[in-house]
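Please look through this structure with the points below beside it.

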Amino acid sequence: MPKERLKRKISGSEKQVEDVLEKQKEEDEDENLWNVVNDDEEDSSDSDGDIEESEEEFKIESDDENDEDHSNTDDEEEEEEEEEEDEEAETDDDEDLSEKTVGNGLRDESDVDGSDNDKISDSNIDNSKHNNDSTNQKKSKNTKKQGLKNKINENKNETKTVIEDEYADYDTSDEEDIRNTVGNIPMNWYDEYRHLGYDWDGNKILKPEGQDQLDAFLKRIDDPDFWRTVKDPQTGQEVKLTDEDVKLIRRIQGQKIPDETFDEYAPWIEWFTSEVMKTPIRKFPEHKRSFLPSKYEEKKVEKLARALKMGWIKTKEEQDKLRAKKEPQFYMLWQTDDQADEMRRIYKHIPAPKRHLPGHAESYNPPAEYLFDEKELKQWNKLKDSPWKRKLHFVPQKFDSLRKVPAYSRYIKERFLRCLDLYLCPRAIKMKLTIEPEALVPKLPSPRDLQPFPTVLSLEYVGHSDMIRTIDTDKTGQYLVSGSDDCTVKIWEINTGRCLKTIQTDAVIRSVKWCPNSSLSLILVASGNKVILLNPHVGDTLVCNKTDAVLKDAPTTDIIISERVRTTVEWREPEEDEYAKGYRAVLTHFKEVTQVTWHGRGDYFACVMPDGQNRSVLIGQVSKRRSQLPFSKPKGLVQCVLFHPSKPFLFVATQRHVRIYDLMKQMLVKKLLTNCKWISTMDIHPGGDNLLVATYDRKVLWFDLDLSTKPYQTLRLHGTAVRGVSFHKRYPLFASGSDDKSLIISHGMVYNDLMQNPLIVPLKRLQNHKSANDFGIFDVHFHPLQPWVFTSGADGTIKLYSN
Amino acid sequence: MERMDQSAEAQLQVRFVTKQETYAVPDVPFSVPQNIDTSRLNKLLNELLRENAELLKPTEFDFLVLGQLLRVPLIEHLQEFNESIEATVEIEYVQRTPAPEPEDALLHDDWISGIQVADKWVLTGCYDQTINIWTTRGKHQVSAREHTNIVKAVCWLKQGDPSGGFVTVSHDLTGIIWKWEPSEEQPKPVTVLRGHERGIDAVGVSSNSERLATGGWDTYLKLWSASLDVEDCYEPFHKKIRGVQGKATIARTPLHTLKGHKESIVAIQWSESDTICTASMDHTLKLWDAELCGLRNEVVAEKAFLGASWSPLSRTIITCSADRHIRLYDPRSTEGSVCKTLFTSHTLWVSAVTWSQHNEHLFMSGSYDECVKLWDTRCPRAPLYDLSGHEGKVLCVDWSNPKHLVSGGTDNSVHIFKNRQFN
C-alpha cells in the first residue's frame, strides 16, 4: 500500500529527527518530505478532480511521484514563502488550496468565506482523506510560524495531528498511522521499561531522556509555551498544542460546537412539508390499522374512565381535595349523612320515564271511532277544571292532509310541563320480584338415586276366581293373605307363589288384616256382615297352638254389654266345621263390614260399617271378646279407620274429612281437611306423623300431621279413582293403585329433622293388571321387609313387583 | 368382489393352544380373517388336527380368547375387550361341552321343592309332604310321607351313596334323617330334628357326612349331628316324641344354633369341612365357622338371595337373587367388588343354582321363567344351553351326579338331562 509506505517514511523521518535534534537541515529535509507528501496529495487531488478517474491509476501516479519526492524542492520553497505571509494571505492560500483540491467538501475549510457551499455536492468520501491531509499540511504551515526554535516540537505536533486526524477519519484501523505499534493499551504498562513500545519495524521506541524536577521547573520558567505543552503517552514526547487545538479545547470547555465552521443557523431544508403532495413520499399506502380506532387504547381509556368513575384513581384536583380534607379528620357517626350524591347518581341512575308513543287518536287523520262525538266532547269539556281526569288531553282532529295540520299551540307548554315533571317529581326504583314458575318447583332427585324400589313384575299369585279386594302380609314376609269376591281367603307363600290354604266363607271378603302381634297367629277377615278371627295355622306352630289355646275359652266377664253394642255386634264361638277351617271367633254385625284394622299391639281392632250411622265404628278387643262403640253421634259416612302406630289415636275418615281422636282422652284432636269429594282409603306412615289419603276423585293426599290440617302435597298421578294406598314399613316408599290399573311407586322420605319437610318423588308407574268391570287395582301392600309391593286387582290376580 | 378383497386383507395372527394333549396342534401362528367365528375356527382346527394326527371324527371345540368364550366374530370379541389386533391373538380351545340330552320326566303329585341325585337315585321333596325316590331311568321306587307340611329341601347324607341315608326338611319346623337301602321298599325315619321355630328352607350336609346344618324362616342356622345311629351319644340328650302320625321317632336337638341372619336362610352348603356358606333373604351371604360356631366372613349384596352354591373346584359362590341375574362371588377377594361376574339371561327370578361337580366352569340354574340353563363362567352373556321342558316355575336344580342334570318345579315334574360327556 502506498499510503502505508508513506507513513512509514514519515515515522522513519521522525526518528531521524529524534536522533539529530538540533540539525535544522534535517528538519528542512523533513519539511521537504512533508512538502513532497503534500505535493503528492495535491497532485493526486488534481487528478481526483476528474471524478471518473480510477483509484488505481491514482495510486500508480502517487507511487511514481513518491519515487521522485526528493527532487521537488522548488515547490517547497514557494510554500515557505507563502508561510511568511500574514493571515489574510493564508486565507488566500486556503482559497487556493480549496480551489486546487477539487472535491474538498469539508465545512471546516469553508468557514472562512463560505464559498464552498456549492462544493458540498462535489464532496466525495474518497477524496475527503486527501483533503484532510491537505488540512494537516495547512496546520503544519501554521506551526511553522511559531519559529524555528520549536521546530522539533512542531514536527512532533505535526505527526500527532496527523495521527489524530487519522482517527477522526473514516479510515479503517489497518490504515491508522500509529508509529507505536503496541495498540490501544494503557501506556502505564510500559512504565517499568525503558522503551515505550515498538515501531513498524519492530524496534523498540525508547523513552526520551527523563527530565528531573529542576529541568521541568526551568522549563516552566523559560518556556512561554509551557502551559500548552502536553506529554504524548504514545511517544513520550512533549507536544505543544497549536492555537487550533487550544481553540478547540476552549470551544469544548465553553460547551460550544467544537467545529467553528459549523453553521448552526443554516437555512432549513424542509424535506417533509405540511403541504399535501400529489405523490406520496412513501411508496406503500397507509396501513388499514391507521384508520381503525385502536381497541387497545379504547380499552385502556375505558379502564381509566371506569377507575375514575369508581374513584379508584383520582385526578389531581381530587387528590388535592383529599389531601386538604385529610388534615382534620372527623368521622361521621352516621355514614349516610355525608355520602356523596354523585355516586348515587352513577350507581342508581334512574332514566326519565318514557313518553307514550302517539296512538291513533294523535293521528292527523284518525279513524272515525277516535273522533269525539258530541257526548264525548261534552264529557271532555265538562272536565275542564280537572284536565287530568280526561281520558285524552286533546280533542282528536281530522285533517285531509298533513299539510293542513296547523302548528301545535301547546307545544311549548307541554314541553315545559314535561320538564317540570322530570325536575320536580322524585323518581325512585321500584324493586320488582320476578320469579320463574320453574324456579318454584323443587329440584327432585333422580329416581336412579332413590333405589331400591319395585320396578319389575316378578310373580303372580293366581287362584282367585273373582276380584281381590284386599291383601295383607304376615310380619316376617313369608305369607300373604288375600280376600276375594269369590268368598275365599287364600294364604300364599310369597317366595314361590304357592297357595297354601284356601278358606271358604259365606260372603264377599272386603278386608283382611294379619295381626301385628307376632305372638298371635290371627287374621281378621271381614266377610259380609261378619268379622272372623281366623287362625291360618301357618308359620310357627307354637304360636298357632298358643293362639288356639288363648282363644279356646271365652273369658267370662261380669260387665254387662250395653244394649246399643249388643244390637250392633254379636260375638260367638265358631261351629265345628268353622273351627276346622280356622275360625276362632265370629262377630256378626248388624250391617256389612267394609274394613277392619288392628291396633299396633294386636289386641284391639276396629271395624267399619259405613251404613251404621252412629254405630259405624266399632272397636273390639280380642282378649276380652267384647266390643265398644266409641262414637255416639254420626259423623258422616265413615270410609276408613286407622290406629296410630304408637299413640292412642284413632283416625276416622269420613267422606270428606279425616278426624283424629284421642282414645284415652276421648276427644277430637284434629280434623284434616282433604278438600276432596270422597275418601277411599288411607294409610299412616310407620313414624306416625304422616298420613296418606286416597280419594275417589283421583287424588292422593299427603298430610304432614305436624304441619297443618291441609294436605302437605296433593298427588294427581292417577287417571281414575284411587283405591289402594300403602306405606312401606322400612323403606321410604309409598305406592298407590287405582282403577286405571296403574300402580304408582313414589319415594316418600320423612326426615327425623322436624325442620325438613318430607320429600316426595314419584318414581315408577306399573301397569300390569287387567281391567274388570272398570275396576283396576283394589289393594296395594308392601312386603314388610323387602322393597317389594303386592297389588290385588279386579282380574283376580295378585302381583308382586320386586326391585 | 370388493367384499372378498376386504375380508382377504383384514387378517389376524392367531395361535392355537390347548390344555388337552390329545388335540394339540403345532405352536405356529396362523393368519385368519378378522371376522372369523366359532364354526369356521372349528373347521380350521379340525383340518389342522387331521393333518397332524389321524383323528377320525371331527370334534366340536369352544374357543377361549382373553379368558372368555368366543361367541361373536373374533374381531368384535377383541374390540369388546379393547385388545390390540396387531399382536398375535392366543386362542385356547377346549372340547365343547356337549348339549345335555333330555332323558326322562318324573311326574309327581305336587310341586317339587327339593331334589338331589346320588348315583342313579333321584330323591325329591314334594309340596304334598311326601318324599320320593326314583331311579334316573324313571322308575318310582319309594314314596314316604312323614312330614306334616311341605317338604322344602332334601339331601343325601353321603355324596353318591344312597345307603348312607338322607335328610329332608320341611315347613312343619322339623327335619327328618332317613335310613334307606336301595333294596328296601320304604325308608325308615331315624330321627326328627326339632328346634326350629319356623319353616326350614335349606339343609346342607358336611363333606364328611358327620354333621348337617339347617336354616329357615326363623333366621337361625342350626347344626345337627348327621349320625344315623340313634344311640349315638355325643349328643346332649334324646327325646322321645310321638310323631304326628303316631309313629315313635326319636327327636334330636341341635348341636349349635348360629344367629346372625336377619331374615330367612334360603341356601346352605358346607364349603369345606368346617365352613358353612349360607345365603339369606336379608341380602347377605355368610360364611360360618362350624368348629368355632362363629361368623367367618360376610358378603352384602343388594338383593334378597334365593339360592347359592359353592364350588369346591373353583372355590367361588354362585348365587341367585330375587331378580333375573346370577352373580358369581369370590368370598376370598378383599379388594374391589366381591361380585365378580353377572350372568343375565333369565327373564324372571332365578330360584336355584348349582355348580357342576366335575368342571369348575360349569353350573346350572333354574328360574321362574320355566327355564333351566347351563352356563359356563367364561361366557357371562349367554348360557351354553337352555334346557327347556318345564311348564312351570323351576324351584330346584341338582347336578350332584355329573352324569345327570335334574330339575324340579311347579309343573309337578322332575326333568332329567343326561350329560353326554359322561356316557
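This is a predicted model: local features need pLDDT of at least 70, side-chain atom pairs count only at pLDDT 80 or more; totals for chains, interfaces and linings use all residues.

1. Residues are numbered from 1 along each chain as its sequence is written, and chains are lettered from A and ligands numbered from 1 in the order in which they are written.

2. In two of the listed spans the strand content can be stated, where strands (E, at least two residues) and helices (H or I, at least four) are DSSP runs numbered from the N terminus. Residues 193-225 of chain B are 58% strand and 0% helix, with end C-alpha atoms 9 Å apart, and residues 258-289 of chain B are 66% strand and 0% helix, with end C-alpha atoms 10 Å apart.

3. Chain B holds an open, antiparallel sheet of four strands in the order β15-β16-β17-β20, two strands being paired if DSSP finds at least two bridges between them. The edges are taken by β15 (200-205) and β20 (256-258) of chain B, each of which has a single partner strand, so one side of each is without a neighbour in the sheet. Strand β17 (residues 221-225) of chain B pairs with β20(B) in the antiparallel sense over three bridges, and B:L223 has B:H256 in β20(B) as its bridge partner.

4. Chain A contains 19 helices and 33 strands. Of its 803 residues, 31% are buried, meaning that 20 or more other C-beta atoms, placed from the backbone, lie within 10 Å of the residue's own.

5. Beyond its neighbours within four places in sequence, A:L524 is in contact (C-beta atoms, placed from the backbone, within 7 Å) with residues including A:V512, A:V531, A:W598 and A:F605. A:C607 lies 83 residues from A:L524 in sequence, yet their C-alpha atoms are 9.8 Å apart.

6. Where the two chains meet, the contact takes 17 residues from chain B and 15 residues from chain A.

Technical notes:
A residue is buried if 20 or more other C-beta atoms lie within 10 Å of its own, exposed if 12 or fewer, and partly exposed in between; C-beta atoms are placed from the backbone.
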